[in-house]
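This briefing covers a predicted model.

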Protein chains: 2
Amino acid sequence: MTQTLDPSDWNAFRALAHEMLDDMLEHLSTIGERPAWRPMPDEIRASFREPLPISGEGAEAAYREFTERVLPYPNGNTHPRFWGWVQGSGVPLAVLADMLASALNPHMAGFNHAPALVEHQVIAWLAQLAGFPADSSGVLVLGGTMANVLGLAVARHAKAGFDVRHEGLQGGQPRLLLYGSAETHGWAVKAAELLGLGSSSFRQIAIDHEYRIDVDALRDAVARDRADGHRPFCVIGTAGTVNTGAIDDLRALARFCREESLWFHVDGAFGALANWSEELRPLVAGIEEADSIGFDLHKWMYLPFDVACTLVRDAELHRATFAHSPSYLAETTRGVIAGGLPFADRGIDLTRGFRALKIWMALKAYGVETFARAIEENVRQARYLAARVEASDELELLAPVSLNIVCFRYKASNEINEEILIRIQERGIAVPSGTVLHGRYAIRVAITNHRSRIEDFDALVDAVLTIGRELA
Amino acid sequence: MTQTLDPSDWNAFRALAHEMLDDMLEHLSTIGERPAWRPMPDEIRASFREPLPISGEGAEAAYREFTERVLPYPNGNTHPRFWGWVQGSGVPLAVLADMLASALNPHMAGFNHAPALVEHQVIAWLAQLAGFPADSSGVLVLGGTMANVLGLAVARHAKAGFDVRHEGLQGGQPRLLLYGSAETHGWAVKAAELLGLGSSSFRQIAIDHEYRIDVDALRDAVARDRADGHRPFCVIGTAGTVNTGAIDDLRALARFCREESLWFHVDGAFGALANWSEELRPLVAGIEEADSIGFDLHKWMYLPFDVACTLVRDAELHRATFAHSPSYLAETTRGVIAGGLPFADRGIDLTRGFRALKIWMALKAYGVETFARAIEENVRQARYLAARVEASDELELLAPVSLNIVCFRYKASNEINEEILIRIQERGIAVPSGTVLHGRYAIRVAITNHRSRIEDFDALVDAVLTIGRELA
């Protein structure tokens, strides 16, 4: 072989690797000095249509292409003034942890090695942080949608009333139905489709004026569906809706689910992390009563993509939903397979990467309290921005600020606000995203960014006012 | 704040980061000098039960814990003599690419940035390598199970004969059934369960003496199920079974599916990569006729975990199965959301990491031909090992060697062979895994390892003979 997939010259490779690392540290330590986002020139865009490389050009040349064509045109979410959708800002230590995880490259179905113990430990910590009992179960997955899908799959298994693993939903049984507010994130419809329930089986319940689920309307819907011969099985509560950051009354939902023998799943994509802060914990009270929670660590824990978690209170139900590996495997005590494949038995994925490591190292290095402070700071920033909006005659809030999301607009048409948003992005000032609330276009600022400072929000308000005046 | 999630001292952080990188390069360049695996001491095992860190100990201390407690006890799959299950060996350049991806940290739902163009380009290359048309579609996912689940979801959408997204499988329609050989990997049952089809809807068809699906038996089963009023919708062909590496007659399956208007999905977890080599391509002939393929890049492309791919011939059907984002988004031409969220619209995940980068850089640096040579080398090694087994009076092959998997045993009881396997692992000589074929315990060597050399297989054979004689 003229070329192997290990470096033929480790010294040259080492030099290149250190150059890459220096470049990345330079990149990370100077993010705020660059525009929050910038459009790609046409020639860059066109360059990504080159043919399949048959022969290699070498590692160094490949890296040059990265630095010239990829690095200068990222999404922007590591920037201090990126608040679009709900993305994360990336903790630098976790970047290194990702490199360590990739170098070690363990197979995380389970197996008998230290990385599996790291994941067990991380799950125990995350369960404790959610207020779940010590004997509950969990698994790390790629993202929030999958974290929620797994929760719903356990709910379906637990509450169907028939052997859903064997029969599926094709046995002519009563229709299984799930419930969540009309502000539930789009994942719920996707999950209902994937799981074979059908989108028509997801009942979207009306919201109150604070964008929270109307529990009385939920009660009526469940009663009506039962009367019609259907089988309600699960209620989704949202801790932090994607549009406005609203938090459902989780205690009321937990009580309702207990009374009605329904599974209570909480989508806590980012909001579940509020429970890490003593100050914010009351906002998500009741989350600890859920049967399952899905949440991300790459949003409000600020870790690099991708890592999310499903927690399930009843470990046996969790395993019973997914497990295929024979139980004797778990009792094997010798060799690489000792302990079985516990993580494969808690979800869909068999081969999985070592995403647990970045959580483990970040918690060890910085402690929960540092994350709690950063989360609290983002909530304070949201309140500050809301106050600045309210103090201006030219701006108005379009939704209550429950947590870390601010929806506001320049007092002008939807078209003007949409154009303000685009210009703020195009000029590289900041990256908010947009949404439509009761027919009105909102500039939406979702703060899950540990790099943002108060002056960044001043810069945003100034830009909205300036561009608004340009256009109005 | 006393501590932020960005380093307070970038110089100290830089020094630590370079130390980590040096350690990892040292680790990667000396793998073969260490045991293939070693058991963890009890005190290490117990150390992973420490309480949640409330206060941080700093990045350096966290890294020391990694080097002392995690790094010495990996799974072993980067070692030249690891051939357990089907795992990958990890290309060092891809470790660096993972670090770059984590530092850049783009959100890969889509969006208007260079990383999205990298993923589009990688998918086009992977489609070409599978023999798929240029206008086909694909998406990168966490692993092979999910890659296959997505293929089946498209199949279900395409062939159900009713609006499965809206109605689900709860509408009292004819039962949807899917088919694969009895040697189909366990993912298929998990997928049938997740999708609400039920495990009873997966028909396991008999195999021939080469562990391939019996196409006549398949034909009979489909006819019988149709006669019973059910609705067959999909056939799974396997390119490389997990037990023996057998490859179904994909051409015959493609023909059958066309005749019967069934969806043809190929599980090519590792075997699909044989198509990258001109020499091996005839073995998987017919794969290019599939409607969808699921395969891993972290197995036989040797990339670090986790990255896999779903390819779908009909791009419109792919999008129609999953898309929720309004089509006007794709036509937006300005700002960060221009181009919409094409990857979110091809699967379940919304927030996704930049796993495309390691494929892109590895193909650019080394070219397809280097990967093809490494894959061919693994197949040659399997044939070499089989020949050594056949040349010994004390050993016997337990299955034909179709590709890169060798199942053999010491001519003694199952118990003795199981003990041989465990001792080989415990002594750190090598890591094969085990399986049971027709009631006989086999030492199973699955070669998806770019570090293995011929002498590594000699070492294995010597160890089996030595330990076998000890025990017999």
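**Chain contact**

In this predicted model, 132 residues of chain A are in contact with 132 residues of chain B. Helix H1 (residues 10–29) of chain A supplies 12 residues, the largest share of the side of chain A that touches chain B. That side of chain A comprises 66 nonpolar, 44 polar and 22 charged residues.

**Nonpolar core**

- In soluble globular proteins, nonpolar side chains tend to be buried together.
- The largest nonpolar core holds 332 residues, and those touching the most other members are A:Leu100, A:Leu178, A:Ala362, B:Leu100, B:Leu178 and B:Ala362.
- Beyond its neighbours within four places in sequence, A:Ala362 is in contact with A:Val91, A:Leu93, A:Ala94 and A:Leu303.

**Helix H13 of chain B**

- Helix H13 (residues 356–390) of chain B contains 35 residues, yet its end C-alpha atoms are only 42 Å apart, whereas a straight helix would reach 51 Å at 1.5 Å a residue.
- H13(B) has a kink of about 85°, centred on B:Gly367.

**Strand S7 of chain B**

- Strand S7 (residues 292–296) of chain B is mostly covered, with five of its five residues buried.
- B:Ser292, B:Gly294 and B:Asp296 point one way from S7(B), while B:Ile293 and B:Phe295 point the other way.
- Strand S6 (residues 263–267) of chain B runs parallel to S7(B) and is joined to that strand by three bridges; B:His265 has B:Ser292 as its bridge partner.
- Strand S8 (residues 308–312) of chain B pairs with S7(B) in the antiparallel sense over five bridges, and B:Ala308 in S8(B) stands opposite B:Asp296.

Definitions and conventions. Residues numbered from 1 in each chain as written. Chains lettered and ligands numbered in written order. Predicted model: local features only at pLDDT ≥ 70, side-chain atom pairs only at ≥ 80, totals over all residues. Contact = placed C-beta atoms within 7 Å. Helix = DSSP H or I, 4+ residues; strand = E, 2+ residues; numbered from the N terminus. Nonpolar A, V, L, I, M, F, W, Y, C, P; charged D, E, K, R; others polar. Expected span 1.5 Å × (residues − 1). Bend = angle between axes of the 7 residues up to and from the residue. Core = buried A, V, L, I, M, F, W, Y, C linked by C-beta atoms within 7 Å. Buried ≥ 20, exposed ≤ 12 C-beta atoms within 10 Å, placed from the backbone. Pairing = 2+ DSSP bridges.
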